Amino acid sequence: MATVELRFSALPEHVRTARLVAAAVARRAGVDEAVLDEVRLAVGEACTRAVGLHQTGGIAAPVKVALIEDEKQFSIEVGDEAPHAVPGDRVPGSGPDADAEEDEMGLAVISGLVDDVEVSAGEHGGLIRMTWPTTPVTATLS
């Protein structure tokens with residue numbers, strides 16, 4: 001299992017770099033060429049979400065991205081350190097705010113792009129894990 005880890009300051013300009021690195025590693029891992037745009041878009045959405053959560057929460061910690069190559073699949077984990085409300089913490093009668101709606105929209109976009117998505121969140125941060133199947137890459141000898 002090969003893993004590439006990225007950590008970047010929670011600034012929007014670093015999201016593009018994360019997308020490019022994710023697409024390059026996915027290609028090398030054997031993700032189908034036709035799916036690479038979806039990988040790029042999903043990583044961009046997940047990283048943009050994490051950057052927004054860090055900026056809104058005033059969190060100085062970096063956004064974390066792990067690109068994990070297994071035998072038959074390729075996974076990307078995007079982690080943030082923003083505290084997320086756990087079920088039952090919401091004050092009764094309070095309406096949804098714009099940040100929560102934007103967060104849900106981002107997760108909906110990711111779910112539309114990736115068939116295998118896991119989202120976990122708690123008071124110490126959140127993690128989005130996205131997984132794509134791979135095809136074996138055959139090495140060519142010159």
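Guide: Before we start, two strands pair if DSSP finds at least two bridges between them, and helices (H or I, at least four residues) and strands (E, at least two) are DSSP runs, numbered from the N terminus. This is a predicted model, where local features need pLDDT of at least 70, side-chain atom pairs count only at pLDDT 80 or more, and totals for chains, interfaces and linings use all residues. Residues are numbered from 1 along each chain as its sequence is written, and side-chain values use heavy atoms, with hydrogens and water left out.

Visitor: Thanks! What's the strand order in the open sheet?

Guide: The order is β1-β2-β3-β5-β4, five strands with antiparallel pairing. β1 (2–8) and β4 (116–122) stand at the edges with a single partner strand each, so one side of each has no neighbour in the sheet.

Visitor: Switching to Arg 49: is it buried or exposed?

Guide: Arg 49 is buried, with a relative accessible area of 11%; buried means under 20%, exposed over 50%, partly exposed in between (1.4 Å probe, protein chains only). Arg 49 sits in helix α2, residues 36–57.

Visitor: Which residues does Arg 49 touch?

Guide: Leaving out residues up to four places away in sequence, Arg 49 touches Asp 80, His 84, Asp 103, Leu 107 and Ile 128, where contact means heavy atoms within 4.5 Å.
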